[in-house]
Amino acid sequence: MRDMRGEYKVPGGKLVAVDLEEVDGRLASVSVSGDFFLEPDEALGDINAALTGMPVDAGVEQLAGAVTGALGDDVALIGFSAESIGIAIRRALGKATGWDDHDFEVIPATVLDPALHVALDEVIAKAVASGQRPPTLRFWDWDSPLVVIGSFQSVRNEIDPEGASRHGIDVVRRVSGGGAMFMEPGNTITYSLVVPTSLVEGLSFERSYSFLDEWVIEALAEIGVNAHFVPFNDIASDRGKIGGAAQKRFASGAVLHHVTMAYDIDADKMLEVLRIGREKMSDKGTTSANKRVDPMRSQTGMTRDAILESFAQSFARRYRATVSDYTAEELDAAKVLVAEKFATPEWTHRVP
């Protein structure tokens with residue numbers, strides 16, 4: 001018999017805590033608590049009873065199903081959900097983790113070939129999954145232009161070859177889905193966060209986007225930007241879209257989550273290179289997009305370096321984090337990946 005406790009803070013909602021015991025592979029003495037609201041309050045006993053006796057290897061979906069199956073249509077869960085209870089239970093059992101269970105490393109913006117940053121996403125994810133590196137937040141900086149397309153995008157549909165050639169911009173396909181990143185030195189704020197899969201245990205892909213970027217909403221507020229999530233992978237302010245996120249879950253046990261925010265993009269050049277960009281702008285009747293794509297500069301009045309520094313400090317205040325750097329082995333592995341995978345026609349054009 002073991003006494004255990006797990007907690008889960010619902011993004012934008014309330015704290016859910018579960019105290020329980022494990023007896024012969026089953027949940028026992030389950031007690032759900034928190035600062036949430038529940039009507040009628042007698043339903044709390046029904047929730048505890050429904051969970052007592054469940055197998056300890058039950059997943060979040062199974063646990064949530066037991067809760068919803070025990071509640072009538074008149075029961076209102078306010079500020080939490082059956083899913084959040086399941087996540088708290090999984091944390092109590094040590095199957096899921098929370099932010100406070102980890103020590104993070106933060107790698108400041110380092111100027112590299114942008115293709116190397118694409119490869120480092122895979123290298124760092126492998127290191128985190130194997131335990132060679134703790135969960136890591138790293139900021140990108142680069143010395144040459146590049147279009148980074150999503151894992152499932154069509155090169156033919158996304159890229160105008162004449163425009164790309166005219167501006168000397170190459171194309172690299174990344175491992176995560178989502179849309180194209182038009183990258184010139186200093187034009188965006190981009191970061192990658194790699195965490196163990198246990199941190200998003202029980203969360204859907206959609207939920208994990210907002211969960212992993214809770215910190216950046218706070219970081220944006222600290223520099224005067226009132227930001228919010230736009231499901232399922234955009235971040236916006238009162239003045240429009242700021243950026244978008246992409247994600248990749250590796251079977252080895254790591255999650256890659258990265259975000260790109262426009263800082264000072266040459267939108268006219270971007271529209272000469274990206275076909276889809278033209279269509280997205282044309283349906284808004286916009287002939288020159290420059291005012292639409294420098295929200296971080298215009299909304300904050302801050303330099304890009306100052307924003308990057310503020311973001312890193314905000315993350316370090318919120319979680320246990322230390323400043324780190326890439327190892328020589330990681331950089332060497334990334335160079336090999338660029339040569340053998342990311343710079344090859346077979347990978348770049350795997351979706352023609």
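## Before you start

What you have here is a predicted model, so local features need pLDDT of at least 70, side-chain atom pairs count only at pLDDT 80 or more, and totals for chains, interfaces and linings use all residues. Residues are numbered from 1 along each chain as its sequence is written, and side-chain values use heavy atoms, with hydrogens and water left out.

Let's begin with helix α4 (residues 114-130) and helix α13 (residues 328-342), whose axes come within 8 Å and cross at roughly 115°. Helices here are DSSP runs (H or I, at least four residues), as are strands (E, at least two), and both are numbered from the N terminus. The axes are lines fitted to C-alpha atoms, for helices over the stretch in contact, with angles running from 0 to 180 degrees between N-to-C directions. The crossing of α4 and α13 is right-handed; that word applies if the near helix is turned clockwise from the far one by less than a right angle, and left-handed if anticlockwise.

Which residues meet? On the α4 side they include A115, L116, V118 and L120, and on the α13 side they include E330, L331, A333 and F342. Contact means heavy atoms within 4.5 Å. By class, the contact of α4 with α13 has 14 nonpolar, no polar and four charged residues. Nonpolar covers Ala, Val, Leu, Ile, Met, Phe, Trp, Tyr, Cys and Pro, charged covers Asp, Glu, Lys and Arg, and the others, Gly among them, are polar.

## A look at helix α12

Several α12 residues are buried, among them R304, I307, L308, F311 and F315. Buried means under 20% relative accessible area, exposed means over 50%, and partly exposed is in between (1.4 Å probe, protein chains only).

## Salt bridges

The structure holds 17 salt bridges, each one a side-chain nitrogen of Lys or Arg within 4 Å of a carboxyl oxygen of Asp or Glu. In one of them, R5 pairs with D19, with the closest N and O atoms 2.7 Å apart. R5 sits in strand β1 (residues 2-9) and D19 in strand β2 (residues 15-23), 14 residues apart. R5 counts as partly exposed because its relative accessibility is 44%, and so does D19, at 28%.

Then there's D103 with R320, where the closest N and O atoms are 2.5 Å apart. D103 is in the loop between α3 (82-92) and β6 (104-112), while R320 is in the loop between α12 and β16 (321-323), 217 residues apart. D103 is partly exposed at 47%, and R320 is partly exposed at 41%.

E330 bridges to R133, with closest N and O atoms 2.8 Å apart. E330 lies in helix α13 and R133 in the loop between α4 and β7, so the pair ties together parts that are 197 residues apart in sequence. E330 is buried at 8%, and R133 is buried at 6%.

## A proline in a loop

Where is P145? It is in the loop between β7 (136-142) and β8 (146-149). P145 is partly exposed, because its relative accessibility is 25%. Leaving aside neighbours within four places in sequence, P145 is in contact with residues including G168, I169, M183 and P185.
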